[in-house]
Amino acid sequence: MGKTLALVVFAAALLSAQAPAKKTTAETPEARAARIHKQAIVVDTHIDTTMMLGRDGWDFMVRHQPESGENHVDLPRMREGGLDAAFFSIYMPGTVTGPEAVKRALILIDHVRRLTEQHPNEIALATTAAEVRAANKAGRIAALMGMEGGHMIDDSLAVLREYQRLGVRYLTLSHSVNTNWSDSSGDKPAHNGLTDFGKDVVRELNRLGVMVDISHVSDKTFWDAIETSKAPLVASHSSMRAISGHPRNMTDDMVRALGGKGGVVMINYSVGFLSNERYEAQQKNVPSAELPRVSWEKIVDHIDHAVKLVGPTHVGLGSDFDGTTVPDGMEDVSKLPKITAALLAKGYSEQDVKNILGENILRLLEQVEGVGRQLRAAASKSD
Ligand SMILES: [Zn+2]
């Protein structure tokens with residue numbers, strides 16, 4: 001009895017001690033969202049800003065208006081939006097092939113590397129999850145590279161290895177047209193998914209510790225990649241086909257298979273991928289002024305749908321900024337904290353939100369690095 005009473009008194013003392021403290025530290029939802037967004041390492045796996053880097057007179061370090069053309073990302077707006085790390089896309093249309101594609105890829109890689117060399121105090125080239133974390137700790141933006149299309153390897157694993165040495169950390173197997181070894185969602189099937197060489201590319205990516213990206217590929221290529229890969233995969237910028245029927249989006253079965261293998265789907269902000277109404281109007285060639293408007297909240301719907309399928313540890317952000325038409329309210333990267341606030345308002349936990357904002361993709365990057373190390377160690381032992 002005495003013991004119980006003592007406990008009650010102790011508990012009451014604790015409560016009375018905590019109650020006023022709780023009042024003084026009470027956060028408004030806005031302040032909570034801002035704090036969590038700031039604490040999180042926020043990563044975007046797909047920005048097409050690389051194209052802008054090559055333009056005469058265009059300066060990444062200067063703030064631009066979103067209205068000026070289709071530009072969504074620069075350093076001041078990245079800071080404003082709390083985006084800590086981004087995969088700069090190494091991209092050209094899949095119709096550019098052969099040595100010309102390799103040359104152009106090298107020039108794009110040079111743009112990204114030079115940006116980091118010219119501004120070492122603000123931007124750090126990152127090729128591992130640890131380097132992203134180190135850059136973040138030092139107050140620098142981390143610049144990573146993802147290659148958007150297998151056509152740039154010119155059917156050569158040696159060329160692929162050179163890209164890895166230069167810092168490329170994912171390869172999208174095909175863009176909107178088939179490569180010689182992988183079918184695209186935007187083209188007529190030619191290979192029934194991946195050819196034998198296509199499977200070799202996946203295996204070499206595993207060995208190199210480079211993420212296999214299945215955005216843009218045909219459904220059959222996706223299933224072949226899932227079956228072949230020893231490491232979990234990424235969908236660097238893909239949305240949900242259950243919400244918008246675009247063939248470039250992922251079906252629920254694909255999302256479950258990707259997540260089930262440890263992979264992460266990074267939600268794309270492109271209006272046609274977010275909204276079925278918009279997609280169908282585009283298919284009917286509705287004049288652009290009459291196309292249905294799409295609100296940024298659709299991004300949250302896609303995140304939420306993916307989370308319902310595979311849980312909050314297999315979903316992230318892959319905006320497609322500077323490569324697409326973005327929805328109302330997400331005019332540029334500075335608007336990013338709205339996603340954090342919306343997820344918290346939906347009842348997502350602080351940890352779930354931090355995972356979606358960046359921890360999930362950093363974990364995937366670490367896993368893929370680990371698989372690569374294991375495969376290389378096994379190969380060197382058997383030599
Ligand atoms: Zn793309």
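**Notes on a predicted model: helix faces and helix packing**

1. Start with helix α2, residues 29–39. Its buried residues are Ala33, Ile36 and His37. They span an arc of only 100° around the axis, which puts them on the same side of α2. Keep in mind that this is a predicted model.

2. What covers the buried residues of α2? The cover includes α14 (337–345) and α15 (350–382).

3. The spacing of such residues has a simple basis. An α-helix has 3.6 residues a turn, so residues three or four places apart point the same way. Keep this in mind for the next two helices.

4. Step back to the whole protein. How many helices and strands does it have? There are 15 helices and nine strands. The C-alpha trace spans about 80 × 60 × 45 Å along its principal axes. For 383 residues, a compact globule would have a radius of gyration near 21 Å; the protein has 22 Å, which agrees.

5. Two totals describe the inside of the protein. Buried residues make up 49% of the 383 residues. Take the contacts with a separation of 6 or more: 74% of them join residues 24 or more positions apart.

6. Go to helix α6, residues 129–137. Here Ala129, Val132, Ala135 and Asn136 are buried. Their arc around the axis is only 125°, which puts them on the same side of α6. The elements covering them include four strands: β1 (43–47), β2 (85–90), β3 (123–125) and β4 (141–148). Helix α15 is also part of the cover. Just after α6 comes glycine 139, with a positive phi of about 75°.

7. Helix α10 covers residues 252–260. Which of its residues are buried? They are Met254, Val255, Leu258 and Gly259. Looking down the axis of α10, you find these buried residues within an arc of 125°, so they line one face of the helix. Among the elements that cover them are the helices α9 (219–228) and α13 (297–310). The strands β7 (234–235) and β8 (264–267) also belong to the cover. Just after α10, glycine 262 takes a positive phi of about 95°.

8. Next, look at how helices meet. The axes of α13 and α14 come within 10 Å and cross at roughly 55°. That angle makes α13 oblique to α14. The crossing is right-handed. On the α13 side, the residues that meet α14 are Glu297, Ile299, Val300 and Ile303. Their partners in α14 are Ile339, Ala342 and Leu343.

9. A second pair is α7 (residues 157–166) with α8 (residues 196–208). Their axes are 11 Å apart, and the packing angle is about 30°. Angles under 35 degrees count as roughly parallel, which makes α7 roughly parallel to α8. Here α7 passes α8 in a right-handed crossing. From α7, the contact uses Leu157, Leu160, Arg161 and Gln164. From α8, it uses Asp200, Val201, Glu204 and Leu208.

10. Helix α13, in turn, is part of the cover over the buried residues of α10. Trace these links in the structure above.

How values were computed:
Residues are numbered from 1 along each chain as its sequence is written. This is a predicted model: local features need pLDDT of at least 70, side-chain atom pairs count only at pLDDT 80 or more; totals for chains, interfaces and linings use all residues. The radius of gyration is taken over C-alpha atoms; the globule rule is 2.2 Å times the number of residues to the power 0.38. A residue is buried if 20 or more other C-beta atoms lie within 10 Å of its own, exposed if 12 or fewer, and partly exposed in between; C-beta atoms are placed from the backbone. Two residues are in contact if their C-beta atoms, placed from the backbone, lie within 7 Å. The arc is that of the directions from the helix axis to the C-beta atoms. Axes are lines fitted to C-alpha atoms, for helices over the stretch in contact, and angles run from 0 to 180 degrees between N-to-C directions. Angles under 35 degrees count as roughly parallel, over 145 as roughly antiparallel, 65 to 115 as roughly perpendicular and the rest as oblique. A crossing is left-handed if the near helix is turned anticlockwise from the far one by less than a right angle, and right-handed if clockwise.
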